[in-house]
Structures are given as C-alpha cells and as structure tokens.
Amino acid sequence: MYKRILLKLSGEVLSGEDKKGFDENALEYLANEIKEVVKNGIKLGMVIGAGNLFRGRELQNVTNSIGDHIGMLGTVINALYLKDYFEKKGIKTVVVSQIVNLPSVRIIHYDDIELYFNAGYVVIFAGGTSNPFFTTDTAAALRAVEMKADVLIKATKVDGIYDKDPKKFKNAKKYDKITYDDAINLGLKIMDTEAFSICKRYKMPIIVLNFFKKRNLLNAILDSGIGTFVKP
Ligand SMILES: Nc1ncnc2c1ncn2[C@@H]1O[C@H](COP(=O)(O)OP(=O)(O)OP(=O)(O)O)[C@@H](O)[C@H]1O
Ligand SMILES: O=c1ccn([C@@H]2O[C@H](COP(=O)(O)O)[C@@H](O)[C@H]2O)c(=O)[nH]1
C-alpha cells in the first residue's frame with residue numbers, strides 16, 4: 001500500500017467530462033473518493049489542472065505567456081473551490097501556492113507541508129510550476145519529488161496509457177506497464193515529456209488511471225494493479 005501520494009487531477013474532474021465550470025455531482029463524487037483515501041491515513045498532496053476553466057493554448061488572441069498566467073490562476077480558483085467544498089464535507093484541506101498572495105492560500109514551505117500532513121490535512125499545490133509554457137503534469141511531477149511521494153497518480157478520463165489516444169482511436173492498445181523511456185520515445189501524449197523526464201530522473205513511479213470508476217483511486221493505492229504503471 002502506498003502511504004504518501006501526489007494525486008494529479010484533470011480540471012474536468014470538477015466539471016464533468018468535456019464540460020466547463022463546476023458540477024455538484026462531480027464534486028460530490030470527488031469528495032467521496034478523497035474521503036476514502038484520507039480515512040486510510042494516507043498523506044495526500046494534490047495538483048489540479050484547469051481544463052474546466054482555462055487552458056492557455058485555447059485562449060485565442062491572447063499572448064502565450066499571458067494565456068498561461070490565466071491558466072495558472074485557474075488552478076488556484078479550482079484549488080480554493082475544492083478546499084471550501086472538501087472542508088464542508090469534513091476533509092481538512094490546505095492550499096499552498098507561490099503565485100498568489102491571498103489570506104486563504106499559504107506559501108509553499110517544506111517544513112510546513114510536513115506539519116500539514118502530520119495533522120491530517122490534504123495539501124493542494126496550486127498555481128502549476130509558477131511558470132508559463134508548462135502544464136500541471138509537470139507541476140505534479142515536481143511536487144511529487146518535492147514532497148517525497150511514494151507514487152504520482154494521474155487520475156484522468158482514460159483508464160491508462162495507450163499506444164495512441166484512445167479517445168481518438170478505437171483500436172488503441174493499453175499498456176499495463178511501460179518504462180519512462182518508452183513513454184517518452186513513443187511520444188505518448190498522456191503526460192508531458194517534461195513530466196516523464198522529471199519522474200525518470202528521480203525514479204518516481206507513475207500510475208495513470210480512470211478517476212471516473214468508483215474506488216479506482218483507493219484500489220490503486222492498495223496496489224491492486226489498476227491502470228498503467230510507469231517504471232524505470
Ligand atoms: N497515449 C495516450 N494514452 C492515453 N490517453 C491519451 C494518450 N494520448 C492522449 N491521451 C489523452 O490524454 C487525456 C488525459 O489528459 P489530462 O488528464 O491531462 O487531461 P487534460 O484535458 O490535459 O487536463 P485538464 O483538464 O486539467 O487540462 C485523455 O483524455 C486522453 O484522451
Ligand atoms: O506550470 C504551469 C501549469 C499550468 N499552466 C497553464 O495553466 C493551464 C491549465 O493547466 P492544465 O495542465 O492544462 O490543466 C495550462 O493550459 C497552462 O496554460 C502554466 O502555464 N504553467
């Protein structure tokens with residue numbers, strides 16, 4: 001069983017697939033899945049994307065770097081929305097970020113993060129990497145290494161890594177296991193090359209799984225071979 005986890009969630013986990021904004025049913029499902037994890041005493045860090053609000057590359061007529069700043073701010077909005085929702089459901093949550101100065105957001109400080117985990121808080125790392133031209137996959141890889149996670153779990157809309165995008169190709173084939181090198185060399189677009197490279201360099205295992213299948217997250221944490229496992 002993994003005890004210390006960095007969970008990367010697609011922004012669409014908050015809105016429902018291919019939708020924008022926030023959906024009450026989606027949030028309730030998410031809170032229930034997280035509650036199960038917290039109940040098991042797992043130290044949980046989270047990085048959430050912002051696909052339900054803004055993706056820099058989708059903002060037409062906006063300068064690239066500014067579009068990315070808007071995207072990163074979207075991840076802060078999601079983090080605060082989630083913190084408020086989680087706390088109403090009894091999940092103690094703290095949001096940390098280096099890109100905003102708000103009373104509801106704390107700065108990232110390694111010693112404090114350990115204290116939050118020991119006190120049973122879920123820690124949401126908001127604001128991506130703090131730099132434009134990256135994505136929250138790379139932020140998740142960085143935070144996983146920084147928090148010394150046992151594993152990075154990418155919970156998304158597909159049930160693992162395929163040889164091509166399964167949303168576009170019906171004949172795509174799933175990998176149960178794959179190496180970092182193969183994921184990078186085959187150009188599999190489930191995660192950025194930067195994210196795979198950081199995980200490879202620091203030997204951070206990755207699990208990619210379907211978040212929309214009930215208890216999948218907890219089952220993966222209990223190490224039951226869910227999704228695709230990326231390893232050296
Ligand atoms: N080789 C592949 N294997 C599996 N999925 C793939 C692959 N290539 C592309 N994808 C796509 O990657 C998507 C998952 O990416 P991710 O969870 O990061 O979504 P996102 O839309 O980028 O996140 P966000 O909503 O936060 O912007 C899947 O929905 C799938 O369609
Ligand atoms: O380090 C980062 C992380 C994110 N961004 C911008 O935010 C959006 C939303 O993130 P997703 O990973 O796509 O959900 C992304 O499209 C970038 O525009 C960033 O600039 N730097």
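In strand β2, the residue that forms the bridge partner of I5 is L44, and this pair belongs to a parallel pairing in which β1 and β2 (residues 43-48) are joined over 6 bridges. Strands here are DSSP runs of E with at least two residues, helices are runs of H or I with at least four residues, and both are numbered from the N terminus; two strands are said to pair if DSSP finds at least two bridges between them. The structure is a predicted model, in which local features need pLDDT of at least 70 and side-chain atom pairs count only at pLDDT 80 or more, while totals for chains, interfaces and linings use all residues. Residues are numbered from 1 along each chain as its sequence is written, chains are lettered from A and ligands numbered from 1 in the order in which they are written, and side-chain values use heavy atoms, with hydrogens and water left out.

Strand β1 also pairs with β5, to which it is joined by 5 bridges in a parallel arrangement, and here the bridge partner of L6 is L152. In a regular strand the side chains alternate between the two faces of the sheet. In β1, R4, L6 and K8 point one way, whereas I5, L7 and L9 point the other way. Strand β1 (residues 4-9) is mostly covered, as 6 of its 6 residues are buried, where buried means under 20% relative accessible area, exposed over 50%, and partly exposed in between, with a 1.4 Å probe and protein chains only.

K154 counts as buried because its relative accessibility is 6%. Its side chain makes a polar contact with the side chain of D137 at 3.0 Å, and the side chain of K154 also reaches the backbone oxygen of I190 at 2.9 Å. A polar contact is a pair of N or O atoms within 3.5 Å; within protein, one must be able to donate a hydrogen and the other to accept it, and residues adjacent in sequence count only if both atoms are side-chain atoms.

There are 22 residues around ligand 1, and G11, R55, K154, T156 and D165 come nearest; around ligand 2 there are 18, with G56, D68, T129, N131 and T136 the closest. A residue is counted as near a molecule if one of its heavy atoms lies within 4 Å of it.

| Ligand atom | Protein atom | Distance |
|---|---|---|
| Ligand 1, oxygen | G11, polar backbone atom | 2.9 Å |
| Ligand 1, oxygen | R55, side-chain N or O atom | 2.7 Å |
| Ligand 1, oxygen | K154, side-chain N or O atom | 2.6 Å |
| Ligand 2, oxygen | G56, polar backbone atom | 2.9 Å |
| Ligand 2, oxygen | D68, polar side-chain atom | 2.6 Å |
| Ligand 2, nitrogen | F134, polar backbone atom | 3.2 Å |

Taken alone, ligand 2 exposes 440 Å², and the protein buries 95% of that, with accessible areas coming from the Shrake-Rupley method with a 1.4 Å probe. The largest share of the shell around ligand 2, 3 residues, comes from helix α3 (residues 64-88). For ligand 1, β5 (151-156) and β6 (161-162) each supply at least two residues of the shell.

Finally, the UniProt annotation, from an unreviewed entry, assigns residues 3-210 to "domain: Aspartate/glutamate/uridylate kinase"; such annotations may be inferred rather than shown by experiment, their positions are given in the numbering used here, and feature names are shortened. This span is 38% helix and 18% strand, and its end C-alpha atoms lie 20 Å apart.
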